[in-house]
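Okay, everyone, thanks for coming.

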Amino acid sequence: MRLIVAAIGRLKAGPERELAERYRDRVAKAGRAVGLRDIEIIEIRESRAQDAAKRVLEESIALANIIPDRAVVVALDETGENLGSGSLTGVMRGWRDAGRPAVVFCIGGADGLGDDVKQRADVTLAFGAATWPHQLVRIMLLEQLYRAVTILAGHPYHRA
């Protein structure tokens, strides 16, 4: 199973990008042992439309265009479920064991995700009730993916 993090916006060079890359590398290395083929980060350019609704629409279309057939879609949105690390691991295990080819985690831009992406999502995930910058959401997601992989592998990184 492939993991794809599809994010509106780029992480500029600096500590955020370095931390995101560190967790992406960890997921890639540890994931092989538990049936994860790859983890890919796709950065989608932010829309330059003046109107927020048009920006969200353009970004949602761009996100929809990169989702592979039969992929699980996870929307990151403040109105989503607050899944603990163990629960996230459980649903990922289920997708992997069901033979799903990919899981795409969609991170919106400054205006959030469009309703069409949220409606297409198999799961809508939140990191609490707070609104987070998309750069931090990406890092938190990558850390949680690494944590899920280590739980699947029986590695002691997760101590709950």
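Let's start in helix H1, residues 15-31, where Arg24 and Glu21 both sit, 3 residues apart, or about one turn of the helix. Helices here are DSSP runs of H or I with at least four residues, strands are runs of E with at least two, and both are numbered from the N terminus. Arg24 and Glu21 form a salt bridge, with their closest N and O atoms 3.0 Å apart. By salt bridge I mean a side-chain nitrogen of Lys or Arg within 4 Å of a carboxyl oxygen of Asp or Glu.

Quick housekeeping: this is a predicted model, so local features need pLDDT of at least 70 and side-chain atom pairs count only at pLDDT 80 or more, while totals for chains, interfaces and linings use all residues. Residues are numbered from 1 along each chain as its sequence is written, and side-chain values use heavy atoms, with hydrogens and water left out.

Back to our pair: is Arg24 buried or exposed? Arg24 is buried, because its relative accessible area is 18%, and buried means under 20%, exposed means over 50%, and partly exposed is in between, using a 1.4 Å probe and protein chains only. Glu21 comes out at 35%, so Glu21 counts as partly exposed.

How many salt bridges are there by this rule? The count comes to 11. One of them joins Arg2 and Glu40, with the closest N and O atoms 2.9 Å apart. Arg2 is in strand S1 and Glu40 is in strand S2, residues 38-44, so this pair ties together parts 38 residues apart in sequence. Arg2, at 23% relative accessibility, is partly exposed, and so is Glu40, at 29%. There's also a network of salt bridges linking Arg10, Arg17, Glu43 and Arg138.

Met1 has 9% relative accessibility, so Met1 counts as buried. What does Met1 touch, leaving out residues up to four places away in sequence? Its contacts (heavy atoms within 4.5 Å) include Leu36, Met92, Trp95, Pro101 and Val103.

On to the pockets. The picture is a 1 Å grid over the protein atoms alone: a cavity is a set of points where a 1.4 Å probe fits but cannot get out, a pocket is an open set with protein on both sides within 12 Å along at least five of seven lines, and lining residues have an atom within 4 Å of a point. Points are joined across faces, edges and corners, and the volume is the space filled by probe spheres set on them.

The largest pocket comes to about 340 Å³. It has 21 lining residues, and Leu76, Asp77, Glu78, Thr131 and Trp132 are the closest to its centre. Strand S3 (72-81) and helix H5 (134-153) are the elements that give two or more residues to this lining, and S3 gives the most, with 3.

Asp77 shows up again in a salt bridge with Lys118, at 3.5 Å from N to O. Asp77 lies in S3 and Lys118 in helix H4, residues 115-120, so that pair ties together parts 41 residues apart in sequence. Asp77 is buried because its relative accessible area is 12%, whereas Lys118, at 28%, is partly exposed.

Last stop: the second largest pocket, at about 180 Å³. Gly9, Arg10, Lys12, Arg45, Glu46 and Arg48 line that pocket.
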